Amino acid sequence: MRIAVNGVRLFIDIEGAGLVPDGPVMRAKPTLIVLHGGPGADHSIYKPGFSQLSDICQIVYIDHRGNGRSDDGDPTTWTLAQWGDDIAALCDALEIEKPIIYGASFGGYVAQSFATRHPDRIGSLILASTSAHVDFDQIYDAFTDLGGVEVGQIARHYWSDPTPARRQAYLDTCFPIYSVKPQNPDVMARLIFKNPVAMHFNGPKNEQGRFDFRDGLGTLACPAMVLVGDRDPIMPRAFSA
């Protein structure tokens, strides 16, 4: 389904009941909002893996604006501030209070934006394979370590100045080494890639190079968990907050 949020329609999918019978009462389960990576990907990467959690929480999947099945909107709104505010507006529309927010990679940036811009709205925060601030040289070094000098150079060329040709070379050469195990071809076939939003965001000269959540995260009062990916070369291998 699509929900009108901040001038665009965001695609969401909901798994699991929010209210369940518990003896003489109906008990509310916590809500988990899952924020996908990219940008330029969609929520499908979390299915069916996250389904096993639906017995303990209601899961809300979302495609960020400019991603997946959601409206693109004006490219000038492809900012972390807007993406974070979209999560707050979605919670308003669905009447979700104090959600558990899970964000991985780029989704971790959005999670941090929401948490630092709306600190009173969040119940718990889970961050995976992400960072509070990007060290691009560390990213290039990681690609070189994992794939060799040529792979490191392709990554550097793309992230330093994204273009369609460099994006394609990056996807062909660098993307396959994101995981230790071979990527599931069915997952990749299901995935909706939107390259324009990625090229708009990626790189030290763009939105990705401007954000820094380190100070804001230090003020959060909610429970937080950091899961550091050991083989995600997009993100530095140590989370800095």
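Predicted model: local features only at pLDDT ≥ 70, side-chain atom pairs only at ≥ 80, totals over all residues.
Visitor: Why is the pairing of glutamate 207 with arginine 210 called a salt bridge?

Guide: The closest N and O atoms of glutamate 207 and arginine 210 are 3.5 Å apart. The cut-off for a salt bridge is 4 Å, so the pair qualifies. In general, side chains of opposite charge can pair when their charged atoms come close.

Visitor: How do you know which of the two counts as buried and which as exposed?

Guide: Buried means under 20% relative accessible area, and glutamate 207 has 13%, so glutamate 207 counts as buried. Exposed means over 50%, and arginine 210 has 56%, so arginine 210 counts as exposed.

Visitor: How many salt bridges are there by this rule?

Guide: The count comes to eleven. One of them joins the side chains of arginine 65 and aspartate 86, at 2.7 Å from N to O. This pair links distant parts of the chain: arginine 65 sits in the loop between β6 (58-62) and α1 (80-94), while aspartate 86 is in helix α1, 21 residues apart.

Visitor: Why are arginine 65 and aspartate 86 called buried?

Guide: Arginine 65 has 2% relative accessibility, and aspartate 86 has 2% as well.

Visitor: What makes arginine 27 and aspartate 22 a salt bridge, and why are they called partly exposed?

Guide: Their side chains meet at 3.1 Å, N to O, and the cut-off is 4 Å, so this is a salt bridge. The relative accessible area is 38% for arginine 27 and 36% for aspartate 22.

Visitor: How do you know how many disulfides the structure holds?

Guide: The structure holds zero. A disulfide needs cysteine sulfur atoms within 2.5 Å, but the sulfur of cysteine 57 is 14 Å from the closest one, in cysteine 91, so that is too far for a bond. Cysteine 91 is in no disulfide either, as its nearest cysteine sulfur, that of cysteine 222, is 13 Å away.

Visitor: Why do cysteine 57 and cysteine 91 count as buried?

Guide: Cysteine 57 has 5% relative accessibility and cysteine 91 has 2%. Both values are under 20%, so both count as buried.

Methods. Residues numbered from 1 in each chain as written. Heavy atoms only, no water. Buried < 20%, exposed > 50% of the residue type's maximum accessible area, 1.4 Å probe, protein only. Helix = DSSP H or I, 4+ residues; strand = E, 2+ residues; numbered from the N terminus.
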